[in-house]
Amino acid sequence: MKRRKPARRRRVGDAVLAVGTGLAAALVLLIVAVILGDVVYHGAPHMTLAFLTQAPREGMTAGGIFPAIFGTVALVVLMTLAVLPAGVATAIYLSEYANPGSRVTRLVRVAVNNLAGVPSIVFGLFGLGFFVQFVGAGIDSALYGGRRVFGQPALVWAALTMAVLTLPVVIVATEEALAAVPRELRLASAALGASRLQTIARVVLPQALPGILTGAILAISRGAGEVAPILFTGVAYYLPKLPTSLHDQFMQLGYHVYVLSTQSPDVDATRPILYATVLVLLLLTFALNATAVVVRSKMRRRFAGAAS
Amino acid sequence: MLAFSSIAAIILIFVFIGKEAWPLLHDSVIRKEVTLAKMWFAQQWPGYDAPEHVWQPVSEIPKYAAWPLVVGTLKVTLISMLVAVPLGVGAALFVSQYAGRRLREIVKPTVELLAGVPSVVLGFFALMVMATWLQQALGLDSRLNALVAGVALSFAIIPVVFTVSEEAFGAVPRSYVEASTALGAARWQTIVRVVIPAAGPGVAAGIALGLGRAVGETMIVLMASGNAAILSASPADSVRTVSATIAAELAEVVFGGAHYTVLFFLGVLLFGFTLATNLLGEFAIGRMRRRLGGMA
């Protein structure tokens, strides 16, 4: 009889811990299911082709969201053009050139990690203080005789602000991809007489391309969803026409969601449009994330095959 | 040279936010309207019975007390951490210790999905759906309050805490678990006395990173907190956080004016705080690596 007691305690303890942690996991699943379910249920009926291709009408209580989609795409394209060279260069430096123990390398790494943790609203302040007021105003006084062209919130400044925000995403993904390129390939290239630069440009980078792509896609997904950094750097509430140059303002999906849900003159009339806009934004970011996952797993499989 | 873009970015962020906040400390015109002392100590305003902390930057006599915003931020952050830490760490423990392969393949991608939800969407959900539910369930006076914002904010923090904790639990060497089992410990005893202490610094890092994210997160609190700068301890009151204040007010201020300067100063505070929590988290992860690495 005495021996049964600890055995029971074991069972009870195990059951409590398993059920408790299992409940936590189940609750997390439930939260995701409820949010997605609610958005899909209310948003799907209103997501038509006309909705995706028309401009908003009647104080945004009717019509579509095409300008917001266009602005979001323009923003992330410009952002990608800026963030890829900088991010890939940093990653190449860290994984191919830098001495891993050196102080400079450690400093770069700390900077990358900390940049990832800076609040997005602080990037917004930075974009306004640096890009708009310093760089933009500087361009104006140098090229336009002080006339205000670039010294105000604009597409290009929002894109550059977003590029700084997504820099760590690209660096981390690229570094991982570079590290996954087998050493044998580098040695073989060196043995054939290739210089370090040639090896990196012709052997390592092509091999790491899927990983770099993954980083770019993740950055785009992040950039498409963030709103706080562009609040003061270029986004507009409503614009009658699409942006045509770098110094125009633009509309954006996430900001459109914010505007519709907080500043609508007629909440009930806006609701279907709001839900459909959220659904579009979610589908966009999820599709990008899913693509990144697929590309990454393909890359892993390729290297797994090469090593064996 | 592009390789140093991140260091440059960090330095430039600090310099250019600091530059816009600097006049608060030395510009005589701005210091007539607001000083650090006026921000942090209760002031006797005309029409008030006693000295009070008031944030009313757009009024005849602008008042810039920072405490209502700081307390609001702490309140929302505390609520979000109280929800996110048990759920995030619990789910991570479940996935790493109890879940079978198939269950793991469901939970992990779902958390990643949650991580991919833009914060403006979480804010929208809190504002349009959750606020009504919570108000009906608890009979609250104000629809938008610290509780709604905190719970919605926790949805953004859970993936951070989960991911870092799960990695930490996974990094505990098998030999520890085997040794504990060989000594006759039950599974839960092994988890509580061996796995959790070994992974402790990693879990702490996840919590620190989550904390940094919670304090700085903007869109969720901007949309769900009610945005009233009330100094109170009750979670049922509307609140206004530091980040939401910057987001809501900066677009309408005079460039270079006192209000503008104060908002950039608040930005410096946010930046400094998150930098500190990040360094703390990094330190914790490094310590765990060294500890587990040294023993293996």
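Domain bounds come from an automatic or database domain assignment. This is a predicted model, in which local features need pLDDT of at least 70 and side-chain atom pairs count only at pLDDT 80 or more, while totals for chains, interfaces and linings use all residues. Residues are numbered from 1 along each chain as its sequence is written, and chains are lettered from A and ligands numbered from 1 in the order in which they are written.

Q: What separates domain 1 of chain A from domain 2 of chain A, and how many residues of each are in contact?
A: Chain A is divided into domain 1, residues 1-46, and domain 2, residues 49-307. Their C-alpha centres lie 36 Å apart. Six residues of domain 1 of chain A are in contact (C-beta atoms, placed from the backbone, within 7 Å) with eight residues of domain 2 of chain A. On the side of domain 1 that touches domain 2, three residues are nonpolar (Ala, Val, Leu, Ile, Met, Phe, Trp, Tyr, Cys or Pro), three are polar (the others, Gly among them) and none is charged (Asp, Glu, Lys or Arg).

Q: Why is M251(A) called buried?
A: A residue is buried if 20 or more other C-beta atoms lie within 10 Å of its own, exposed if 12 or fewer, and partly exposed in between. M251(A) has 26 other C-beta atoms within 10 Å and therefore counts as buried. M251(A) lies in the loop between α8 (196-225) and α9 (253-262) of chain A, where helices are DSSP runs of H or I with at least four residues and strands are runs of E with at least two, numbered from the N terminus. Beyond four places in sequence, the contacts of M251(A) are P67(A), A68(A), G71(A), A236(A), Y238(A), L239(A) and H256(A). Of these, A68(A) is 183 residues away in sequence, but its C-alpha atom is 4.6 Å from that of M251(A).

Q: What makes α9(A) mostly covered?
A: Nine of the 10 residues of α9(A) are buried. Among them are L253(A), Y255(A), H256(A), Y258(A) and L260(A).

Q: Why are α6(A) and α8(A) described as roughly antiparallel?
A: The axes of α6 (residues 155-180) of chain A and α8(A) cross at roughly 150° and come within 8 Å. Axes are lines fitted to C-alpha atoms, for helices over the stretch in contact, and angles run from 0 to 180 degrees between N-to-C directions. Angles under 35 degrees count as roughly parallel, over 145 as roughly antiparallel, 65 to 115 as roughly perpendicular and the rest as oblique. The pair is therefore roughly antiparallel. By class, the contact of α6(A) with α8(A) has 13 nonpolar, six polar and two charged residues. In α6(A), the residues that meet α8(A) include M162(A), V169(A) and A173(A), and those of α8(A) include V204(A), I212(A) and R222(A).

Q: At what angle do α3(A) and α6(A) pack, and how is this pair classed?
A: The angle is about 40°, with the axes 6 Å apart. α3(A) passes α6(A) in a right-handed crossing. The residues of this contact divide into 24 nonpolar, five polar and two charged.

Q: Why are α9(B) and α10(B) called roughly antiparallel?
A: Helix α9 (residues 174-182) and helix α10 (residues 187-216) of chain B pack at about 155°, with their axes 10 Å apart. This angle is therefore in the roughly antiparallel class. The crossing is right-handed. Y176(B), V177(B), S180(B) and T181(B) in α9(B) meet T190(B), V194(B), V195(B) and A198(B) in α10(B). This contact comprises five nonpolar, three polar and no charged residues.

Q: Which helix supplies the largest share of the side of chain A that touches chain B?
A: The contact takes 61 residues from chain A and 64 from chain B. The largest share of the chain A side, 17 residues, comes from α1(A). That side divides into 40 nonpolar, 17 polar and four charged residues.

Q: How do you know that N114(A) is buried, and which residues does it contact?
A: N114(A), in helix α4 of chain A, has 22 other C-beta atoms within 10 Å and is therefore buried. Leaving aside neighbours within four places in sequence, N114(A) is in contact with I10(B), L275(B) and N278(B). The C-alpha atoms of N114(A) and P168(A) are separated by 8.9 Å.

Q: What share of chain B counts as buried?
A: Of its 296 residues, 52% count as buried. Chain B has 13 helices and two strands.

Notes:
Contact = placed C-beta atoms within 7 Å. Left-handed = near helix turned anticlockwise from the far one by under 90°.
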